[in-house]
Amino acid sequence: MPSRRTIRKPTVWAPEEWRHIEQAARARGVPPLRYVREAALAAKLPPVAQRRGAHALLHELKRVLNNLHQLLRLAEADGARGIALALESTIRITHEAAKAAAGRRGSAEPLIVAVREAGRVLNELTHLAHVAEALPEDEELGAALASIQFAAMAVPR
């Protein structure tokens, strides 16, 4: 036997919406609220990955920014001014992408994947840099920064 329904959630409908619900419920021979409940419970929603938007993209960009700032601190501590300038430029581009992502609507899955992949490589380099207490090789870091910049610049402004 199903448990008794005890939770109430008021909803607000436009007159046109409610008329549509009443007509659909009448056609199926059920009360309107039962129709709404059953329709909601039977709804086939797309997978979460297809609905992710600005929030998930922003999360990935913030993770990248965190790693970039860690590498910047290492570069400054080592006196590697050229690397610090490259990191500052990438931070600026990524920060602009994060601001743009915050106002974005709709699916962002391709952008999320691109930023995540670029960020994964950067995260590995950052981890290795902390373990070795030294900056990654210029070629590796340069390739990672180029990948981050490319992904960040793909975010529509």
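This note goes through the fold, the overall dimensions and two local features of a predicted model.

1. Residues are numbered from 1 along each chain as its sequence is written, and side-chain values use heavy atoms, with hydrogens and water left out. In this predicted model, local features need pLDDT of at least 70 and side-chain atom pairs count only at pLDDT 80 or more, whereas totals for chains, interfaces and linings use all residues.

2. The protein chain has 7 helices and 0 strands, where helices (H or I, at least four residues) and strands (E, at least two) are DSSP runs numbered from the N terminus.

3. The radius of gyration of the protein chain, taken over C-alpha atoms, is 24 Å, whereas a compact globule of 157 residues would have one near 15 Å (the rule being 2.2 Å times the number of residues to the power 0.38). The C-alpha trace spans about 75 × 35 × 20 Å along its principal axes, and 32% of the 157 residues count as buried (under 20% relative accessible area; exposed is over 50% and partly exposed in between, with a 1.4 Å probe and protein chains only).

4. Glu133, which sits in the loop between helix H6 (109-132) and H7, has a phi near 55 degrees, a positive value in a residue other than glycine. Most residues other than glycine have a negative phi. Glu133 is exposed, with a relative accessible area of 67%.

5. Asp138 lies in helix H7 (residues 138-153) and counts as exposed because its relative accessibility is 51%.
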